[in-house]
Amino acid sequence: MVEAQFFSFVAAHPTDATSQAHRGATVYRLLTGVFPAEAHIASDTNFDRHVLASILAAAAMDGGLVPGNAGLSGQELALLLEHCFPAVEIKADKQLLHFKGDEDEEVAMIRDLLLGQQSTKGRISGWLAAMVARRAIEPNHLWEDLGLRNRGELSRLLSRHFAPLAARNINNMRWKRFFYRTLCENDGLVMCTAPVCTQCNEFNVCFGAESGESRMAERRRDVLRQGAPSSVTDSRTI
């Protein structure tokens with residue numbers, strides 16, 4: 001039995017690639033038993049666990065309170081861990097179990113957009129709506145700030161749990177831009193001045209490639225380049 005004290009994790013923001021890589025990889029491996037690159041996601045159940053573990057790992061890499069960085073309350077995170085990662089024993093700090101976080105209007109709008117387009121039943125899609133919305137306000141590509149390995153995993157996540165919304169992105173617009181464009185259209189607003197996307201000066205902002213290394217892969221590569229040990233030891237406090 002692995003003990004992961006997520007609610008005692010109130011760390012300073014990581015200041016270097018080594019600490020970020022250690023923190024993210026430790027969280028992911030404590031939850032799943034493997035490193036992200038080794039994850040097998042053929043089944044929907046394994047894919048969901050991979051996504052949730054990736055988001056929590058990314059939230060941990062940012063430093064501070066994991067629940068807040070992940071878009072969940074302390075109680076919601078405790079329920080998620082109990083439901084999706086039953087092998088992880090949780091000893092929660094009572095004060096942080098009552099953590100609710102600040103309600104950000106922008107996050108709430110994206111969360112409600114996703115909640116209105118759920119295509120799977122159960123708690124997981126609700127948790128994901130909140131988590132995706134919270135991570136969407138981070139500065140990088142959305143798949144990167146969710147801790148995923150590539151954009152394809154984000155597209156699969158959205159097509160699985162929020163299929164009606166995902167199906168509307170017929171031109172493969174970047175997902176974060178697509179969320180905001182959809183919110184504007186739902187309110188009867190026009191986000192773009194150009195009549196069609198191909199005539200817009202910001203075409204590459206909305207439709208440009210979203211390739212590159214995942215955050216954890218990049219940090220791990222930096223660690224290896226610096227000559228630090230590649231293995232990450234299990235930690236009982238995250």
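Eight salt bridges are found in a search of the whole structure, which is a predicted model. One of them joins the side chains of Arg156 and Asp44, with an N to O distance of 3.7 Å. This pair links distant parts of the chain. Arg156 belongs to helix 9 (residues 151–161), and Asp44 to helix 2. The two residues lie 112 residues apart. Side chains of opposite charge can pair when their charged atoms come close.

Helix 2 also packs against another helix. Its partner is helix 7, with helix 2 spanning residues 44–61 and helix 7 spanning residues 123–135. The two axes come within 11 Å. They cross at roughly 35 degrees, and the crossing is left-handed. On the helix 2 side, the contact is made by Asp48, Val51, Leu52, Ile55, Leu56, Ala58 and Ala59. On the helix 7 side, Ile124, Leu128, Met131 and Arg135 take part. Nine residues of this contact are nonpolar and two are charged. No polar residue is present in the contact of helix 2 with helix 7.

Helix 7 meets helix 6 as well. The axes of helix 6 and helix 7 come within 8 Å and cross at roughly 145 degrees. Here the crossing is right-handed. Helix 6 contributes Val107, Ile110, Arg111, Leu114 and Leu115. Helix 7 contributes Gly126, Ala129, Ala130, Val132, Ala133 and Arg134. By class, the contact of helix 6 with helix 7 has eight nonpolar residues, one polar residue and two charged residues.

Helix 7 gives the largest share, with four residues.

Helix 7 is in contact with helix 2, and it is in contact with helix 6. Helix 7 also supplies four residues to the lining of the largest pocket.

Technical notes: Residues numbered from 1 in each chain as written. Predicted model: local features only at pLDDT ≥ 70, side-chain atom pairs only at ≥ 80, totals over all residues. Heavy atoms only, no water. Axes fitted to C-alpha atoms, helices over the stretch in contact; angles between N-to-C directions. Left-handed = near helix turned anticlockwise from the far one by under 90°. Contact = heavy atoms within 4.5 Å. Nonpolar A, V, L, I, M, F, W, Y, C, P; charged D, E, K, R; others polar. Salt bridge = Lys/Arg side-chain N within 4 Å of Asp/Glu carboxyl O.
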